[in-house]
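I opened my notebook to look up a few things in this structure. Here is what I went through, entry by entry.

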Amino acid sequence: MVRFTKMEGLGNDYIFIDNFAERLPEEEFPVLARAVSDRHFGVGADGLIVILPPTEPGFDLRFRMFNADGSEGEMCGNGMRSFARLAFERGLVRKTRIRVQTLAGPVVPEIVLDEAGRVQGVRVDMGPPRLRSTEIPLTGPERGPVLAETVEAAGESFTFAAVSMGNPHIVIFTDADLDRIDLAHVGPALEHHPLFPQRTNVHFVRPEGPGELRMRTWERGSGITLACGTGACAALVAASLTGRSGRTADVHLPGGTLRVEWAEDGHVYQTGPANEVCRGEFTRDWRREAAARS
Ligand SMILES: N[C@@H](CCC[C@H](N)C(=O)O)C(=O)O
């Protein structure tokens, strides 16, 4: 039996485990992620996020996230807003600005309170984008920022920009109607293309004015989601570097809108909602079932 809280940010939903209380062995997280994320046999979510004590000095908490297929992501922008809200409201931290240890480096969410002290949203300092091709990573020699490279997948040719927010993203700009893109077909072909040795998140982005971007996402390890926070940051950086946007934009995703700013300090900041959906106990015998399958 594992106690959990389900949270969502712009419809990007995750099962959260407070591992200060649950004390699960960390090697079990991938199996648990697959079990709880299943939308028919589990709770149903885009993945699992675990709140842990830090292993390095200078941090308040540690963040680990797993996609629905059990693979680990270095960071999750929507999940980080929910992480901060949950940690604050459960008293795991007593301050509104939290320094979080992630596989993508330090990330600093700040809870925005209204005059009555209620949580209004969360603003996250995501750190600087990484643009060197081998940092994304892309296969092949280092070739600096990749802003318009072409890849063949699913019988089509796509021109993309590549940005890492600690996790890999490709951004494909288009003027087409985003609803007409067959994401379920082209998404997995791009995610698993040999050009991306650690796979990639895939975003189709339509600029709709200097401060407006619209996007749809295929997430590495989770498929089509209603929003991707790190992806929205990558989209703004790619749009700004290619003259399609200024350094601030409202990014419209199927699950809602995220405010993204690439500030003068070189860091990307995203501001948006985070909400609790439900709490419960996961009672399936997921360990035995996983052992029986292997
Ligand atoms: N939904 C996320 C990103 C989650 C991780 C991603 N699928 C990966 O494997 O890199 C977000 O809001 O950033």
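**Entry 1: strand E2.** I looked up strand E2 (residues 12-18) and found 6 of its 7 residues buried, so E2 is largely enclosed by the rest of the structure. Buried means that 20 or more other C-beta atoms, placed from the backbone, lie within 10 Å of the residue's own; 12 or fewer would be exposed, and in between is partly exposed. Strands (E, at least two residues) and helices (H or I, at least four) are DSSP runs, numbered from the N terminus.

I noted that this is a predicted model, where local features need pLDDT of at least 70, side-chain atom pairs count only at pLDDT 80 or more, and totals for chains, interfaces and linings use all residues. Residues are numbered from 1 along each chain as its sequence is written.

**Entry 2: partners of E2.** I checked which strands pair with E2; a pair needs at least two bridges found by DSSP. Strand E1 (residues 2-9) pairs with E2 in the antiparallel sense over 5 bridges. Glutamate 8 has aspartate 13 in E2 as its bridge partner. The E1 and E2 hairpin has 2 residues between the strands, and leucine 10 takes a positive phi near 55° there. Strand E3 (residues 47-52) runs parallel to E2, joined by 5 bridges. Isoleucine 15 is bridged to leucine 48 in E3.

**Entry 3: the core.** I met Leu48 again in the largest nonpolar core. A nonpolar core is a set of buried Ala, Val, Leu, Ile, Met, Phe, Trp, Tyr and Cys residues joined through C-beta atoms within 7 Å. This core has 73 residues, and Leu48 is one of those that touch the most other members, with Val171, Ala232, Ala235, Leu236 and Val251. H5 gives the largest share, 8 residues. Domain 1 (2-127 + 274-293) and domain 2 (133-262) both contribute, so the core lies between them. The domain bounds come from an automatic or database domain assignment.

**Entry 4: confidence.** Last, I looked up pLDDT, the predictor's confidence in each residue, from 0 to 100. The chain's mean is 97, and 100% of its residues reach 70 or more. For the complex, the predictor gives an ipTM of 0.99 and a pTM of 0.98.
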